[in-house]
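Please look over the aromatic side chains in this model. My notes follow as numbered points.

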Amino acid sequence: MPVQKESAPPAPAKPAPDSTRRSEKSRRAIYDAALSLVVEVGYPKTTIEGIAARAGVGKQTIYRWWSSKADVLMEAFLDLGEQSLREAGPEPYAFPDTGDVAADVKGVLRATVDQLRDPRFEAPSRALAAEGVVNEQLGRELVAKLMQPSLDLYMERLRAAQDAGQVRSDVDPRIALEFFISPLAQRWLQHTGPISYEYTDTLVDYALHGLAPR
C-alpha cells in the first residue's frame, strides 16, 4: 500500500497592513506639508499639487478627504490648535470663572499672546489671516471654524459677569468682547506695536473701566 506524503502545513498568513495607521500617517504628512507651504510661499501660491508633493502622497489622496486647499489648511490649523489645547491641560476649552472677570479675561488674553508668539502658530495663522482679509469666503470660514468657539466662551463669561453685577446688564457681550480681542488682533497682524501681557492687561482695564476719570 503506497504511503501518502503528508502535505506541508500552510504558511502563516502575513498580517494585513494597518490601513488606519497608514491613513493617519498620510493625513499627518499632509497637515505638515500644508502648514509649511503656506508659510514659505503664501496662501495664493499654495496648491493641492504642491501639498501632495511635499507630503509624498498622490493628489487623489487629498481630494478623497478634502475638496479644496482651504479645507486642507483649515483642518491642519485646527489640528495644530487641538494639539496645543491638549498640552494646556485636561479642560482646555473652559474659560476660567474665579468670580473676578478682569483677572479671568486677562489670563485668557495672556494665553493668547503666548500662542500668537509661538512660531508653530504665528506664521501659518498670519498667512491665513492675511488671506482672509482679501478672500471673503475664506475669511468667513476662519471666523466660523477657528474664532467662533472662542468668541462664544468670551460671551458666556461676560454674561456670567453681568449676572454677578460686574458688567452692566445693558451691555451687548458680542460687542464688548471686541474691546479685548480686536485691538490685539490688529496690533499683531499689522505690526503696529508689540504684544505683551502688559498690553493685554491694559486693554482689559480700559474696556472694563472706561477712559473717563473715575
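1. Tyrosine 31 is buried, at 6% relative accessible area. Buried means under 20% relative accessible area, exposed over 50%, and partly exposed in between, with a 1.4 Å probe and protein chains only. Tryptophan 66 is buried too, at 5%.

2. A caution on the source: this is a predicted model, where local features need pLDDT of at least 70, side-chain atom pairs count only at pLDDT 80 or more, and totals for chains, interfaces and linings use all residues. Residues are numbered from 1 along each chain as its sequence is written, and side-chain values use heavy atoms, leaving out hydrogens and water.

3. The structure holds four aromatic pairs. Rings of Phe, Tyr and Trp (its six-membered ring) pair if their centres lie within 6.5 Å; planes under 30 degrees apart are stacked, over 60 edge-to-face, the rest tilted. Tyrosine 31 and tryptophan 66 have ring centres 6.1 Å apart and planes at 55 degrees, so this pair is tilted.

4. Tyrosine 31 sits in helix α1 (residues 19-41), and tryptophan 66 in the loop between α3 (59-65) and α4 (69-88), so the pair ties together parts 35 residues apart in sequence. Helices are DSSP runs (H or I, at least four residues), numbered from the N terminus. Tyr31, Trp65 and Trp66 form one aromatic cluster.

5. Phenylalanine 95 and tyrosine 154 have ring centres 5.1 Å apart and planes at 70 degrees, so they are edge-to-face. Phenylalanine 95 is in the loop between α4 and α5 (101-116), and tyrosine 154 is in helix α7 (residues 136-163), 59 residues apart. Both are buried.

Key: Helix = DSSP H or I, 4+ residues; strand = E, 2+ residues; numbered from the N terminus.
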